[in-house]
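Reader: I would like to learn how to read a few features of a protein model. Please take them one at a time.

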Amino acid sequence: MKLDLDIEAKPVVKKYYNNMVAEVEKQLAVAEKAKEKGFDLSTGIESKPVADLADRTETIIGPIGIAKRYREVFEEKKGDRLEAIFQLFREILEQKWCKIEDESKRVEQAIKTSLVLNTEGVVVAPLDGVPRVEINKNPDGSKYIDIYYAGPIRAAGGTSQVLPLILGDYARNILEIDKYKPTDDEVERYVEECQIYDEIVTRQYKPTDDEVRMIVRNCTVCINGEPTEEREVAINRDLPRIPKNRIRGGMCLVLSEGVALKAPKILKFAKKLKLDWNWLEGIIKVSKSDSGERKLKPNEKYLIGAAAGRPILAYPMRPGGFRLRYGRARNMGIMGKGLHPATMHLLEGFIANATQMKVERPGKAAGMSPVDSIEGPIVRLYSGSVVKVNTLDEAIKIKPRVEKILFLGDLLISVGDFRYSAHPLVPAGYCHEWWVEEVKRQLGEKAKEIPELKRSKEADIAKGDENVSITKALELSKKYHLPLHPNALFFYNVLDKKEILQLAKFLKTGKKYKGTEKKDKEKNTEKENNQVVFEKDEENFTAVKKILEKIGACHEIKEGKIHLNVDKFNAMEKTLGIEKGTEKLEQAIEKSSGVISALNLTSGIPIRDLAGTWIGARMGRPEASKPRKMAGNPHVLFPLGAAGGNIRSINKAMTSTGEGKEGSVNVEIGLYKCPKCEAVREQPFCYECKIRTENTNICPSCGSLTKEKQCGKCGSETEAYSKRSVDLQELVRAALENLGIRMPDIVKGVKGMINEGKDAEPLEKGILRAKYDLHIFRDATIRYEAIDAPLTHFKPEEVGISVEKARELGYEKDTFGNELVDKGQVVEILPQDIVINENAGDFFVTVSKFIDELLVRFYKLEPYFNAKKREDMIGQLVLGLAPHTSAAITGRILGYTKARACFAHPYFHQTKRRNVDGDQDSLMLLMDNLLNLEEEWMPRLFLQLH
């Protein structure tokens, strides 16, 4: 099997993909050779390898030729995928390059193909979310398009939910089909179902009864659905066009989270296709004030569903919570956010690498990453002193002395996260990078005179912040009339007018002690170098101590006195404009609308708000990295009925009796007939005759065996399986003899097969898995689950590989174009490389040993991996797969981490249709998937790798 991959990329990336394709083809060749032996349900590989969206679409849904035509149209439309989808939709309906005579089937094909293209061919929605599309008749005899939805459509997202409706209306115009004309009873049936569904499922938006009526009466195609809930309607029952009375969950979802919630998006689609959906303007929700201005208010939604034992870190917009800072680090992106590692440590480790947090803004959840180039926390010690913690080492050292966290530090959020969440940008706290841009804009070429603006490339990536002293900040502001650098600012905006005046008056009571050259500490205990000391018996001492804590002003408490660094004092004095007294400040406060505007008047230099927006947050789910298992932890998909007991033990079932024979079990299992000895088998291979068996059906009425779906004797519909006594003891004996090993202490099967043909897996596979204590998921693959974490750059030393190994994997230069010679250099990660937990590495070593033994003992081939330690798995290929999706992405193991997460490029996670919002996905070895996955175990579900 050959893969054609033609990409536009740098030579290093092209080489990377060529090597990956070569390895995929190598594993495909081994797997094909194994499958050709005929021991499995299929003789070919069930996971279809595809290179791009075009191939995925043709593989999943068709029609034949769509891959070639999509590439052509996509290029014609200059990369506008939506425009390409609309053109292909019309071409399928007009049968330009494919023939589908049945009009209903043609509309269904066009809609499903378009939906696959829109969802990147990943989610199962086009297969399971839209089970069918029909053309039916209205009471007056006119035709209309009927679109059936089911529960899995939720995974497609609101935009993809409504796309079939727009396309249905477009098809209606092209094929000259009338619109859907609901009766009054049908309209009320929709209303009743939505009311009941509200009691069953939590939705983002619940439309009113009148909105439901408006949507149903005006939508030109029928929003129909398969019954998904056990509850039934009580009033509008047994309608001719809705004969079943159970609630249609897919319909309710699309009507509310699709049409009602995505009305603006629908209007945009409709406008592109020149369709009239203007009636939707009646249900569009406007969240602005009458003046058109947005008002920032505390949002408490993130507090809903807080679990016991998982802390609330900050309440909505509460000063001292997380300070918003815009930006992105190399371990952030696609909803993943950053906070200081010192904050993580001081929060008792509740927030660790990849831990999920629920955040107030921009909303939803976020996977967390440590970022040491942002502001760390400010804490109060038991001594009363207030300290800013700048590094993780400082946090570890100071933690036993910390009484209270006064400020949690920065929360680094990408601007794109706000846009993706449709949340308006909110004010951020003043920071170094903002100051730099203002200086460049204000001074132009003169900015080159300021050395503090010069930063090395390494600093941009590794550290990020330049240390501008308070003295230098004041000097620059005075000389160039620049905004005061954030290092010389405090959170003044959290104070009211009364508090800022109280602070100003208190500062005037301080006694300055200049620096001294004396080294003898015993003679210099009272007069600390460069300190301003405030006596405890001064008026308002306690209140001002709290004010200093509120604004994040670090200070020491010695002998009951407040000791404030003289540079900090000078910054406060200059900012408040109180060098000669507080009268000017008092007048400015009276005239100004807020504290910051008053400070701008009194200081004579531009003052920015250091606080910005405070963001509330709580802990969501902890980070996770562990094998994924089914209930019962089976080793093999082989039915045991009740014979295996609660643990589904094959060992125990071998001692049971079915129809009086020891070791027999009564189970529903597939039928296979040997063409040579004509014996009925449970497996697709007859080991006695050494040939492949053939699928056969049985008539449940007369017991006749036939290959037809209808019995030739009595005319009954046949079945591909039967409930019969199976000699489990003999099957196990033959399997052990075939493998040449002893029976493990416990091998677990399943109670029954849920696939259509009740086909079972060869027992040999389960026996070998049990030997290595490996358990399967429902598709017979061995999965390891890890929480998603982003990574765009890394250092070889961080992932546990040498420079030589990194170069072998294709990392020849660092991110600045220098030759990679040191393990501390920063390197841009290749798009499908992943860094996994050390335990995952050990786990995959065990899986590789199972696969090697499977190849040798079951398929009679050579071993493939020969791995002995986790380092041997570096460079091996895995598949990444998210729940509710049908396409996996190929990845390559780059290295290991102690963090319980899967680090990968945002492209890797997004290909799985994932954001880094605290969800976890499965990893599996590519070879395991190629050898063991069977489509028969996943009806209506296809797994692709790309």
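Reader: Which residues in helix α19 are buried?

Author: This is a predicted model, where local features need pLDDT of at least 70, side-chain atom pairs count only at pLDDT 80 or more, and totals for chains, interfaces and linings use all residues. Residues are numbered from 1 along each chain as its sequence is written, and side-chain values use heavy atoms, with hydrogens and water left out. Buried means under 20% relative accessible area (1.4 Å probe, protein chains only). Helices are DSSP runs of H or I with at least four residues, strands are runs of E with at least two, and both are numbered from the N terminus. In helix α19 (residues 541–550), the buried residues are Phe-541, Val-544, Lys-545, Ile-547, Leu-548 and Glu-549.

Reader: Where is Ser-625, and which residues does Ser-625 touch?

Author: Ser-625 belongs to strand β20 (residues 625–628). Contact means heavy atoms within 4.5 Å. Leaving aside residues up to four places away in sequence, Ser-625 touches Tyr-784, Glu-785, Ala-786, Asn-837, Arg-900 and Ala-901.

Reader: Why does Ser-625 count as buried?

Author: Ser-625 counts as buried because its relative accessible area is 14%.

Reader: Which helix gives the most to the lining of the largest cavity?

Author: A cavity is a set of points on a 1 Å grid over the protein atoms alone where a 1.4 Å probe fits but cannot get out, and lining residues have an atom within 4 Å of a point. Helix α1 (residues 11–35) gives the most, with four residues. Among the lining residues are Val-12, Glu-808 and Arg-892.

Key. 1 Å grid on protein atoms, 1.4 Å probe; cavity = no way out; pocket = protein on both sides within 12 Å on 5 of 7 lines; lining within 4 Å. Buried < 20%, exposed > 50% of the residue type's maximum accessible area, 1.4 Å probe, protein only.
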